[in-house]
Amino acid sequence: MAKRHRLALLAATAAVTVVTAAAGVAVAHAAAVGCAVRYAVSAQWQGGFNADVTITNLGDPVSSWRLVWSYGSGQRVTQAWNATVTQSGTQVTASNVSYNGAIGTNGTASFGFSGSWSGSNPVPTAFTLNGVTCTGASNPDPTPTPTRSTPPPIGDYPPSGRLCNSSDLIDIGKYWIPNNQWGSTGATGSQCIWTLGGSGDQIRWGTSYTWSGSASSVKSYAAAILGWHWGWRRPNTGLPVQVSANRNVNTSWQFSVTGSGNMNVAYDMWFHPMANPGSADQPTDELMIWLYRANASPAGSRQGTVTIAGTSWEVWRGYVGSWNVYSYVRTSNTTNATLNIRDFANDVVSRGWMSSSKYLTSVQAGPEIFTGSGEVVTGSYSVTVG
C-alpha cells in the first residue's frame, strides 16, 4: 500500500505545496469601488508563522471573492482554514469556501493560514480583490507578534453541516479533523466531513465518501489528529511523550461503518527522535492499529500474530517514504475498542524494531479509503495521556 505524508502538507519529498484548491472558483463581479485588507502575522517561530487576513469590501456586494498577493522573501503557505489557498511561485491566491463567499458593502470576510519562511518574513504590501487593487486604510498590518518557539493555540471551529472541499477542516477540543484527500490525485470521487459535537478529550464526527480508481492505493484519511502533523496546531494534547517513560496513552473509540468497498478504520501514530519536532522534521516510525478492514492490507509483510488487550492481532512491518511502518491488524473486525497505545509501542520496541528513546508525537484516528462508497460515523472518541 502506498503510504503518505498526509494532508495538504503532503509534500515531504517536494516543495511544500499548499492546501489543494477546488478548480474554477467563480467570481461574481469585482468590487466596484474598493477594498481594504488587514494582514496580521499572529505568531512567528523559527521557520514558520501563522497569519490572519481580514477583507473589507468597500464596494458593491459580492457573492464570492478571490484575494491575490505576492511574497517577496520566499515565504510559502502550507495550510489554510476558512479559505482555499493556492500558491504558484511568489503569487498566492485565496478564494472563499462554501460558507463565506458573500460580502456586503462594508462587510468583512476572514481566513487564516500557516506558512514557512527563511531569512525574513515581511508582510505583503499589495492585494487585489476580484481584480481590484485594495487601497483602503486597513492595508496592511506591518507589525508581527514577537517571535515565539511554538505556534499559538487555535480556537474551536465546529462548523455546521457537511464540509466537502479538500481544504475544509474542523477544530474541536484537543483535536482537528481535516478533510484529508491526500491520495486522490488521478482518482474520481468526493468526500465530506462533519462534526457531531464534543469538547476537550471526547468528540464525535463523521465522514462520507465515494472513491474509484486503484483498489490498492489510499485516496483519503479524514482523521481526528492529536498532536503533531507536520507542525503543531491544537493546545493541551499531552504530547509528545518518550516511549521509555512508559506513560499511559488510553483511548476509546466507538464508530459505525456503512457501505462497501476497500477500506479500513485505523489509528495512526507518529514517532520522532526529538521531543518537539517542527514542520520540516520527518518522523522515523509510524505505528498503525487497524480495528476494522474490508478488502485491504497494510504496507510491508506479515510478521506473525500477537495478543494485546486480550485480542489477537496480525503484525505487519514495512518501510514507506522515509520511515518504518508497523501495523497491528485485528484478526476480527470491531467497531468498539478501548486500548492503551503504550502496549503496542512497547511491543514494537520489544521486537527490536524501534528504540524506546523515540517520542510519540501524534495520535490520529479515522478511515483510510481505497475505493467504494459509504460512511464512517464516530459516536464517541477520546485519547488521554497519563
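The dialogue below takes up several terms and sets each against its definition.

Tutor: Please keep in mind that this is a predicted model. The chain comprises 1 helix and 23 strands, and buried residues account for 54% of its 386 residues.

Student: Why is S327 called buried?

Tutor: The cut-off for buried is under 20% relative accessible area. S327 has 2% relative accessibility, so S327 counts as buried. This residue is found in strand β21, which covers residues 323–330. Leaving aside neighbours within four places in sequence, S327 is in contact with M288, W290, P298, E314, V315 and W316.

Student: Why does N121 count as buried?

Tutor: N121 has a relative accessibility of 10%, and buried means under 20%, so N121 counts as buried. The residue is placed in the loop between β7 (108–116) and β8 (127–129). Not counting residues up to four places away in sequence, N121 touches V41, Q44, F49 and Q75.

Student: What makes the pair of N121 and Q75 a polar contact?

Tutor: The side chains of these two residues make a polar contact at 3.1 Å. The definition asks for N or O atoms within 3.5 Å, one able to donate a hydrogen and the other to accept it, so a polar contact at 3.1 Å meets the distance limit.

Student: How do you know that C35 and C134 form a disulfide?

Tutor: Their sulfur atoms are 2.1 Å apart. A disulfide is assigned to cysteine sulfur atoms within 2.5 Å, so the pair C35 and C134 qualifies. C35 lies in strand β1 (residues 35–45) and C134 in the loop between β9 (132–133) and β10 (169–172), so the link ties together parts that are 99 residues apart in sequence. Both C35 and C134 are buried.

Student: What is the handedness of the link of C35 and C134?

Tutor: The link of C35 and C134 is left-handed, with -95 degrees about the S-S bond.

Student: How many disulfides does a search of the whole structure find?

Tutor: The search finds 2 disulfides. The link of C164 and C192 is right-handed, with 105 degrees about the S-S bond. C164 lies in the loop between β9 and β10 and C192 in strand β12 (residues 188–199), so the pair ties together parts that are 28 residues apart in sequence.

Student: What makes a group of residues a nonpolar core, and which residues have the most contacts inside the largest one?

Tutor: The largest nonpolar core has 48 residues, and Y267, Y328, V363 and Y381 have the most contacts inside it. Strand β17 (residues 249–272) contributes the largest share of this core, 8 residues. A second, separate core of 28 residues includes F49, W69, Y71 and W117.

Terms used:
Residues numbered from 1 in each chain as written. Predicted model: local features only at pLDDT ≥ 70, side-chain atom pairs only at ≥ 80, totals over all residues. Heavy atoms only, no water. Core = buried A, V, L, I, M, F, W, Y, C linked by side-chain atoms within 4.5 Å. Buried < 20%, exposed > 50% of the residue type's maximum accessible area, 1.4 Å probe, protein only. Helix = DSSP H or I, 4+ residues; strand = E, 2+ residues; numbered from the N terminus. Contact = heavy atoms within 4.5 Å.
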